[in-house]
Amino acid sequence: MIRKFILVILSTFFLALSGWGQGKTPDKVLNHLFTRNVKTLSELIRRFNGIESHPDIKGDSMSRANNIYALVSQDIDHRGLSDEEYMRFVYTFADDVIKWGGELNGTTGNMWAETKCDFKLNGKPLRLTIILKQETKPNGDIRWCIAGVKGLQEGGVYDDKTYSISPVDHEINFITFDDYFNHNRKISAGLRSSTHAIDELSMFLGLLHCEQFKFINTAETKFHFLDIPGYIISVASSKRSSDMGGWAISTIEPAGEFDKLDFLNKLFGL
């Protein structure tokens, strides 16, 4: 009799646990497997948009939400929230995405790539951040294009000081150009008019013509999506060696339209 009672209690417990897991609780093991198996950004977007599903996720009414839960990195910043509080935040986020009814789409202009790249300039290492976005060409083709560059000033390529050309240099046919342009190039940016700000992208594109400026490698890439009403999400490659470079959502930030504008300004270093 006691044995039968214990079996009934255990059966009830496991049934309740099973129902709870199928409702609103992301499985950590599934999360880990999912992260490992999302090998491309395109695959992650398709699963986020509900076009594809992880084979281990049951195709029921919770399938879309469970796929979104599973895309969230286990190492995501909880923004000061406890594990339980952050879990509830992720549930709300997934519900809002499903209610939104839209899709992540790079061609809307709300998807940005932030790529940290290593270069060498005159043999010295230089780390730059290159900001890219997708554009639609007149013929309908999609292309990535460079929208901004950060790190040239921090890397010592130039400073924000202004330098003067002598007010009588015109009398000697601006002969001091030889010094500024051939021997003291680091201050050449400071010769610009005070009404013109430094355009780091133009400076970067100019450096690409210099033989002493060499690309070494891409060190890290993140993708930022601003399409979702009320949120900004970022996607990055997992840092865990066991994940073999899988992609996952690395941050989820609540954000109104002003917050999104502020995010873009910071992304471009403004």
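**Close-up views of a predicted model**

**View 1. Leu208 in the loop between α7 and β4.** In this predicted model, Leu208 sits in the loop that joins α7 (200–207) to β4 (213–225). Together with Ile146 and Leu205, Leu208 forms a nonpolar patch on the surface, and the accessible area of these residues together is about 240 Å². Leu208 has a relative accessible area of 47%, and so it counts as partly exposed, since that class lies between the limit of under 20% for buried residues and the limit of over 50% for exposed ones.

**View 2. Helix α5, its span and its buried residues**. Helix α5 covers residues 83–100, and because each of its 18 residues is taken at 1.5 Å, the helix should span 26 Å, which agrees with the 25 Å between its end C-alpha atoms. The buried residues of α5 are Tyr86, Phe89, Val90, Tyr91, Phe93, Ala94 and Val97. Just after this helix comes Gly101, whose phi is positive, at about 80°.

**View 3. Phe174 in the loop between β3 and α6**. Phe174 is found in the loop that runs between β3 (142–150) and α6 (177–183), and its phi, near 50°, is a positive value in a residue other than glycine. With a relative accessible area of 33%, Phe174 is partly exposed.

Technical notes:
Residues numbered from 1 in each chain as written. Predicted model: local features only at pLDDT ≥ 70, side-chain atom pairs only at ≥ 80, totals over all residues. Heavy atoms only, no water. Patch = residues over 30% accessible without salt bridge, like charges linked within 9 Å, V, L, I, M, F, W, Y side chains within 5 Å. Areas by Shrake-Rupley, 256 points an atom, 1.4 Å probe, with all protein chains shown as cover. Salt bridge = Lys/Arg side-chain N within 4 Å of Asp/Glu carboxyl O. Helix = DSSP H or I, 4+ residues; strand = E, 2+ residues; numbered from the N terminus. Buried < 20%, exposed > 50% of the residue type's maximum accessible area, 1.4 Å probe, protein only. Expected span 1.5 Å × (residues − 1).
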